[in-house]
Amino acid sequence: MLNRLWLLFAQAVTILIAVWFVLITLKPEWLAGTNVTTIVDSVTLKESDDVSSPNPGSYHEAVKKSMPAVVNIFTSKSTKQPLARKDKNKKSDPFNQFFFGDTPDAEPISSLGSGVIVSPEGVILTNHHVVSDADEIEIALADGRKLKAKIIGSDPETDIAVLKIDAKQLPNPITLGNVNSVHVGDVVLAIGNPFGVGETVTSGIVSAMGRDHVGINTFENFIQTDAAINPGNSGGALIDTRGNLIGINTAIYSNSGGSMGIGFAIPINLAKQVMESILKTGSVTRGWIGVEPQNLSPEIAKSIGLPQNTHGVIISGVLEGGPADRANLKPGDVLISLNNESIKDVRDLLNKVAGIEPGTAVNCKIIRKEKEISLSIKISKRPKP
């Protein structure tokens, strides 16, 4: 009797499961009824009233204004070394040339970077190291066009290069900002072509201003930022939240090759000064006096009998026949001012002298054997590095 009841129960359950399976497969709405519609309505995303308006706090307008002026730069150059043979014991014959690469043809090397269009005539600012020694330079615009570019001039001591492209209907040039309005803590955006993935925008803040002694360039006055700058970003734009260009991205501090939150950009005032000089004369002319200066530390000042708070630089070497030598500046002298402007350190002296027109006579004050002396130095043109 129990076996018969169990058999009937099992058959009934099996039939119910089969019916349920058929219904859930073919007619699921019979089981869910209006509940399915209610659930779908509750999770449906409704469109915004104005899909074109950016979200609160967005930097879309700044990027929209400036990104079309940022270009990708592709360079190529040939090595002078022939391709290496796989077997040095093989003789140079056509067979070996074909199979082992023993050929005088040079192996091409490619690199990439970024640049910024700064004039309607197609003038582009980028880094010197992006285009140095390049045989060919190709510019990729934001609209996909690719154009050949030529170098107008470059300045390795600030790592600035000026390129030129010729094309119709170029994107609107970027608007140059004012570095004096940039402060530590301001939000900035870096635009470039990192790792060749295409135009990319990263954001951060200004971490420091006037950063020098980095050891990258001869003349340094960097904007430091934590906006991610990676390989390929070099020469790209650092903009403020209004879309104005405030710097040219140039380098990162990294142990791995990727961004570690310390990036450096050349301020636009310095880049503009170099660009204008290159466009006018084809090069950058700087002043030079021919000395080897050294920072005056408190220990050095004390050792030569000066107060430890003395500001200036100590001259450790003077180029024979140079401007300083002709002015009777000697090793061991402490240079404390130039044209009545105090000298803080070696970097300050270098920048002040570089900004003086060659041929100009300047008054300087030195301390020699604990006595203050005034000298006149005629500035010469700084030799090429």
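Analyst: Asp, Glu, Lys and Arg count as charged, while Ala, Val, Leu, Ile, Met, Phe, Trp, Tyr, Cys and Pro count as nonpolar. The others, Gly among them, count as polar. Keep in mind that this is a predicted model.

User: OK. How does the lining of the second largest pocket divide by class?

Analyst: It has six charged residues, four polar and four nonpolar.

User: Which residues lie nearest the centre of that second largest pocket?

Analyst: Ser154, Asp155, Ser283, Val284 and Lys384, out of 14 lining residues. Strand E6, residues 150–155, gives the most to this lining, with three residues. The space in the second largest pocket is about 270 Å³.

User: And how much space lies in the largest pocket?

Analyst: About 480 Å³. The largest pocket has 18 lining residues, and those nearest its centre are Leu270, Gln273, Arg286, Ala354 and Gly355.

User: Which elements give two or more residues to the lining of the largest pocket?

Analyst: Helix H7 (268–281) and helix H10 (346–354). H7 gives the most, with five residues.

User: What about classes in the lining of the largest pocket?

Analyst: Eight are polar, seven nonpolar and three charged.

User: Is Asp133 buried or exposed?

Analyst: Asp133 counts as exposed because its relative accessibility is 63%, and the cut-off for exposed is over 50%.

User: What is the phi of Lys369, and where does that residue lie?

Analyst: Lys369 has a positive phi of about 55°, although it is not a glycine. It lies in the loop between strand E19 (361–368) and strand E20 (371–378). With 78% relative accessibility, Lys369 counts as exposed.

User: Where in the chain are Phe222 and Phe264?

Analyst: Phe222 is in strand E10 (residues 222–225) and Phe264 is in strand E13 (residues 263–267). They are 42 residues apart, and the pair links distant parts of the chain.

User: Are Phe222 and Phe264 buried or exposed?

Analyst: Both Phe222 and Phe264 are buried.

Note on methods: Residues are numbered from 1 along each chain as its sequence is written. This is a predicted model: local features need pLDDT of at least 70, side-chain atom pairs count only at pLDDT 80 or more; totals for chains, interfaces and linings use all residues. Side-chain values use heavy atoms; hydrogens and water are left out. On a 1 Å grid over the protein atoms alone, a cavity is a set of points where a 1.4 Å probe fits but cannot get out, and a pocket is an open set with protein on both sides within 12 Å along at least five of seven lines; lining residues have an atom within 4 Å of a point. Grid points are joined across faces, edges and corners, and a volume is the space filled by probe spheres set on the points. Helices (H or I, at least four residues) and strands (E, at least two) are DSSP runs, numbered from the N terminus. Buried means under 20% relative accessible area, exposed over 50%, partly exposed in between (1.4 Å probe, protein chains only).
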